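Let's take a walk through this protein fold together. Have the structure open beside you and follow along as we go.

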Amino acid sequence: MRIEEFAFPGPLRDQLVAAVLSGAKTSTTGLVADYEHENEPLPQVGVPSAVVDSDGTVVAVTETTEVRVVALAEVDLQHALDEGEGYTTVAEWRRVHEGFWHGPQMRSALGDPDFTVHDGTPVVLERFRLVADLRREPAGDQR
């Protein structure tokens, strides 16, 4: 099963995974350059993914329902809203995403300390649905 890692381990991943589990997040955006760098295929409609938390634990299964590759400048408001992070405009969505993509972790992951995006940068817009929440409730007191 494909592994879905939202952002890098840490607070942002925890926030994004919580949004997936709550149903607030039903879309995500990736860089075509990242898929190419990792030599990974683009997501495919109908294919399930295992969502991992910051500890690497599988906490959910999602199923891809739509995949579009568009230029960064073509990202629409509905996609931004469906990312479930509280964006109200595409400009706000883009500012936050550019900050992430231009950050040291992403540049390191891509092996390019000068990586930058522009209007024509190809991005992968993926829609998905939550199929299973795999979190386990802690066992009750057995006294």
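In which sense do β2 and β5 pair, and over how many bridges? They pair in the antiparallel sense, with five bridges between them. Keep in mind that this is a predicted model.

**Strand by strand**

- Start with β1 and β3, which pair in the parallel sense over three bridges. To find this pairing on screen, look for Ile-3, which stands opposite Ala-50 in β3.
- Next come β3 (residues 48–52) and β4, which run antiparallel and are joined by five bridges. Here Ser-49 is opposite Thr-62 in β4.
- β3 and β4 also form a hairpin, with five residues between the two strands. Take a look at Gly-56 in the turn, where phi is positive at about 85 degrees.
- Then there are β4 (residues 58–71) and β5 (residues 122–133), an antiparallel pair joined by 11 bridges. Two handy landmarks are Ala-60, standing opposite Asp-133 in β5, and Val-70, standing opposite Val-123 in β5.
- That brings us back to β2 and β5, the antiparallel pair from the opening question. In this pairing, Thr-29 stands opposite Leu-125 in β5.

**What's covered up**

- β2 is mostly covered, with five of its five residues buried.
- Both faces of β2 are covered: Ser-27, Thr-29 and Leu-31 are buried on one side, and Thr-28 and Gly-30 are buried on the other.
- β3 is mostly covered too, with four of its five residues buried.

**A closer look at Val-61**

- Val-61 is part of strand β4. Is it buried or exposed? Val-61 has a relative accessibility of 14%, so it counts as buried, since the cut-off for buried is under 20%.
- Val-61 and Val-131 are 70 residues apart in sequence, yet their C-alpha atoms are 5.4 Å apart in space.
- Setting aside neighbours within four places in sequence, Val-61 is in contact with several residues, including Met-1, Pro-48, Ser-49, Val-131 and Leu-134.

**Spots in the loops**

- Gly-86 is in the loop between α3 (77–82) and α4. With a relative accessible area of 54%, Gly-86 is exposed, because exposed means over 50%.
- Although Gly-86 and Ala-24 are 62 residues apart along the chain, their C-alpha atoms are separated by 9.3 Å.
- Here's a bit of background for the next two residues: most residues other than glycine have a negative phi.
- Asn-39 isn't a glycine, yet its phi is positive at about 55 degrees. You'll find Asn-39 in the loop between α2 and β3, and at 71% relative accessibility Asn-39 counts as exposed.
- Ala-7 isn't a glycine either, and its phi is positive at about 60 degrees. Ala-7 is located in the loop between β1 and α1.

**The largest pocket**

- The largest pocket has a volume of about 780 Å³. It is lined by 30 residues, and the closest to its centre are Glu-5, Phe-6, Ala-7, Asp-34 and Met-106.
- Which parts of the fold supply at least two residues each to the lining? They are the strands β1 (2–4) and β2 (27–31), along with the helices α1 (11–22), α2 (32–37), α4 (90–101) and α5 (104–110).
- What kinds of residues make up the lining? There are 15 nonpolar, four polar and 11 charged residues.

Methods:
Residues are numbered from 1 along each chain as its sequence is written. This is a predicted model: local features need pLDDT of at least 70, side-chain atom pairs count only at pLDDT 80 or more; totals for chains, interfaces and linings use all residues. Side-chain values use heavy atoms; hydrogens and water are left out. On a 1 Å grid over the protein atoms alone, a cavity is a set of points where a 1.4 Å probe fits but cannot get out, and a pocket is an open set with protein on both sides within 12 Å along at least five of seven lines; lining residues have an atom within 4 Å of a point. Grid points are joined across faces, edges and corners, and a volume is the space filled by probe spheres set on the points. Ala, Val, Leu, Ile, Met, Phe, Trp, Tyr, Cys and Pro count as nonpolar, Asp, Glu, Lys and Arg as charged, and the others, Gly among them, as polar. Two strands pair if DSSP finds at least two bridges between them. Buried means under 20% relative accessible area, exposed over 50%, partly exposed in between (1.4 Å probe, protein chains only). Contact means heavy atoms within 4.5 Å.
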